[in-house]
Amino acid sequence: MFLTKDEERVLDGDFGEAAATAMRLLVSIGEVFEAEKLIPVSSCHVSGVSYKNLGEAGLKLIEDLVEKEAVARVRSTLNPCGMDLRRWREMGVSENFAQRQSALIDLFRKMGIVDTLTCTPYLIGYAPKRGEHIAWGESSAVVFSNSVFGAKTNREAGITALASAIVGKTPLYGAHLEENRTPTHLVRVEGLERKPLHFSCLGYLVGKLAPDARPLFDGIRSGDTSCLKALSAGLATSGGIYIFHSRKWYLGDTKGLERIEITPRELKEVLEEFSSVEEPDAVLMGCPHLSLEELQQVANVLKGRKVAKKLWLFTSRAVLEEAERKGVAQLIAKSGAKIFCDTCMVVSPVEEMGIRSVLTNSCKAAHYLRSLAKVEVSLADAFRCVEVSLGEW
Ligand code: F3S
């Protein structure tokens, strides 16, 4: 891979040991993927920051980087961590976990990474622009950024996004190249309801059927952010998909594309795949993190009624603050539901929080809760989730 003189100096350690380590990683990846060179990125989003994923080894690695004076050279943000940094006790997180997690977040702050702690940074002022090269972890945000904003990012791992943050560059391969962004499959969708759950199921199904596809959807009429973020998360969960297109905005030729037909029956089968819970311990919503509009919708369904079981809603602190300014958060709190920030049900230590069965409206949450945390899961749309939490279904 071609390196400029300055890049070689970074590699040789002229700009410190941390930058050299990060550069070594980026060069190795570039060589594996036969990248021609490195390109500058305008932002990085670092995922995998929960102590649940990183453990002691990860904490040590990040400490080491900070000791070696690692600093983010470009605007960089953080994905959710393992707990609400303020209300972790209410979540049932242990003292030890909380102490380790807080230490980790402090280390990222020392590197100059903004503690957004959300998987939807694009909802709170960190949306990339069309054509910008970025290095983002968090697969749902990657799909959303490539597809909705027209930015260019591969599905970075936490460590490669961090290396890009430190160096300010990424290898030129994959989604950064135009030829890897055009559609490969035409997906005709019939009878899709305008609900995040249905978009989530559609994404999950297409990811399963064609894990390496770049789908062009025909028949999805909604340009609603909630539905598109649910679709992005679903696509990224069951496959390696990093971009999709819609007939609404794609004007290119569709000849030669592989065809997939999705009918309501197939979507129903996804719902049936996640239907093992009759009486959930908890109703969890916010995968990806909820927008202000979604919190408002929950408040509208609750109508001040008291929840009969745990209803936990996950969002970013910035969205929560907005919800507080508008009085939406107070309405939700009055019903006994809880809004947690900085974290989500998948990256928090649900096992030690005593939650064994969950109802959710997200295929991504359902998939990972079942496969990683061995939690029983069922899916329902947002309205039904709230009604179940009220004991009214
Ligand atoms: Fe976000 Fe956690 Fe889901 S990071 S996309 S809420 S698994």
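A residue counts as near a molecule or strand if one of its heavy atoms lies within 4 Å of it. This is a predicted model, in which local features need pLDDT of at least 70, side-chain atom pairs count only at pLDDT 80 or more, and totals for chains, interfaces and linings use all residues. Numbering starts from 1 along each chain as its sequence is written, and side-chain values use heavy atoms, leaving out hydrogens and water.

**View 1. The residues around the ligand.** Here you can find Asn79, Pro80, Cys119, Glu138, Ser140, Gly286, Cys287, Pro288, Cys344, Val346 and Lys364. By class, this shell holds six nonpolar, three polar and two charged residues (Ala, Val, Leu, Ile, Met, Phe, Trp, Tyr, Cys and Pro are nonpolar; Asp, Glu, Lys and Arg charged; the others, Gly among them, polar).

**View 2. Where the shell comes from.** Domain 1 (5-178) and domain 3 (274-389) each supply at least three residues of the shell around the ligand, with bounds from an automatic or database domain assignment. Strand β10 (residues 282-290) gives the largest share, three residues; strands are DSSP runs (E, at least two residues), numbered from the N terminus.

**View 3. The open sheet.** Follow the five strands in the order β12-β11-β10-β13-β14, with parallel pairing (two strands pair if DSSP finds at least two bridges between them). β12 (338-341) and β14 (376-379) are at the edges with a single partner strand each, so one side of each has no neighbour in the sheet.

**View 4. β10 beside β11.** Strand β11 (residues 310-315) runs parallel to β10, joined to it by five bridges. Look for methionine 285, which stands opposite leucine 313 in β11.

How values were computed:
Helix = DSSP H or I, 4+ residues; strand = E, 2+ residues; numbered from the N terminus.
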